[in-house]
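Student: Could we go through this structure together, slowly, so that I learn what to look for?
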Amino acid sequence: MSEDKAISGPLWATVVGALVAAIMVVAAFFVFVQSGEAAPHTADKQSPYASASPKIIDGKAVPNGKYPFMAYVKLYRNGKFYGSCAGSLIDQDSVLTAAHCLINTTGAVVVVGRTDLRKKNQGQVIGASRPFIHPRYNPKTDEYDAGVLKLLRPVKGIKPVKLASSRQNYLEKPGRKATVAGWGSMTAQPWCRPPQWPTPSPVVSKHLRLAQVPILSDAKAEQVFKDVCRFIGPSDPNYTPRLMVAAGGTGKDACQGDSGGPLFVARASDGDGKNGASSVRYIQIGITSFGLGCGVEPLPGVYTEVNNPSIRSFIKSAASK
């Protein structure tokens, strides 16, 4: 997300520009990143996606080792650190993230299975060999905000998160609590304010954090985005029901630095646990995409819907490369 945007959404290039950039990104990724850990994100260097992607507001720390499928994505441009996003491990060598995270980048290093970014002995650090950006991604509308990173080698010993299928729309039932997680800012960002008012500086977390957010109906989300306030102009993102899931509006939210991370739910899975006992499996229903401010009631965060046929088929195709 871009830190100078008040919205937690994708970059503000034109559609044509974004598609050209996407092609250039794919070509550049083939030669840039080596397997291993690159320069760490410094506390005083903010992500270029800070306003475009959500952060965890009013959340809580995740216990070490929980949600090992979470991925911290360090992005580079021409060999220099460019910003960070979140992602999710969807198979042993593929990480799902937001398309807007990958635009204008030329390399990435992914950290999987690390709860606390300060603990270098946690998790696995792997370079990305190439990215895939949904061909219909539109940075002006935030539609089709999905991207996949292919890793240079497989992740070992970590179970990927499951993607919601086309038959699992019931997981998006209004009122249901879903989980959003990331290492983004913990500072709420206002919305509906005159442009001359100062915006609080993001304060990012080095420890993975989560929040439980209720899912909104598509009708409610559409109405919120239409009526939000008089400061919104015609170029601001709209809510597209068939492509997006809205969740939050309670003051708990994702924000700057959390873009690309998963919105997921827990489901009991018989026979997967020890000695055939029931265990919990996690199913991803969304990709953290954008929002109006962060943690502002009653404004929800917006997530790319992974079980939309076009989006899910793109993800599966990219992951199989």
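Tutor: What follows is a short talk about the barrel, the disulfide and the salt bridges. This is a predicted model, in which local features need pLDDT of at least 70 and side-chain atom pairs count only at pLDDT 80 or more, while totals for chains, interfaces and linings use all residues. Residues are numbered from 1 along each chain as its sequence is written, and side-chain values use heavy atoms, with hydrogens and water left out.

Student: In what order do the six strands close into a barrel?
Tutor: They follow the order 2-3-4-7-6-5, with antiparallel pairing. Strands here are DSSP runs of E with at least two residues, helices are runs of H or I with at least four, and both are numbered from the N terminus; two strands pair if DSSP finds at least two bridges between them.

Student: And how many bridges join strand 4 and strand 7?
Tutor: Strand 4 (residues 94–97) and strand 7 (residues 147–151) pair over four bridges, in the antiparallel sense, and T97 stands opposite G147 of strand 7.

Student: Which helix packs on that sheet?
Tutor: Helix 4 (residues 309–319) does, touching strand 3, strand 4, strand 6 (124–133) and strand 7, where contact means heavy atoms within 4.5 Å. The direction of helix 4 makes about 15° with that of strand 7; axes are lines fitted to C-alpha atoms, for helices over the stretch in contact, and angles run from 0 to 180 degrees between N-to-C directions.

Student: New topic: which cysteines form a disulfide?
Tutor: C85 and C101 do, with their sulfur atoms 2.1 Å apart, and a disulfide is counted when two cysteine sulfur atoms lie within 2.5 Å. The pair links distant parts of the chain, since C85 is in strand 3 (residues 80–91) and C101 is in helix 2 (residues 99–102), 16 residues apart.

Student: Are they buried or exposed?
Tutor: Both C85 and C101 are buried, and buried means under 20% relative accessible area, exposed over 50%, and partly exposed in between, with a 1.4 Å probe and protein chains only.

Student: How many salt bridges are there?
Tutor: A search of the whole structure finds two, taking a salt bridge as a side-chain nitrogen of Lys or Arg within 4 Å of a carboxyl oxygen of Asp or Glu. D93 forms one with K150, the closest N and O atoms being 3.1 Å apart, and R118 forms one with D116, at 3.0 Å.

Student: Why does K150 count as buried?
Tutor: K150 counts as buried because its relative accessibility is 4%, whereas D93, at 26%, counts as partly exposed.
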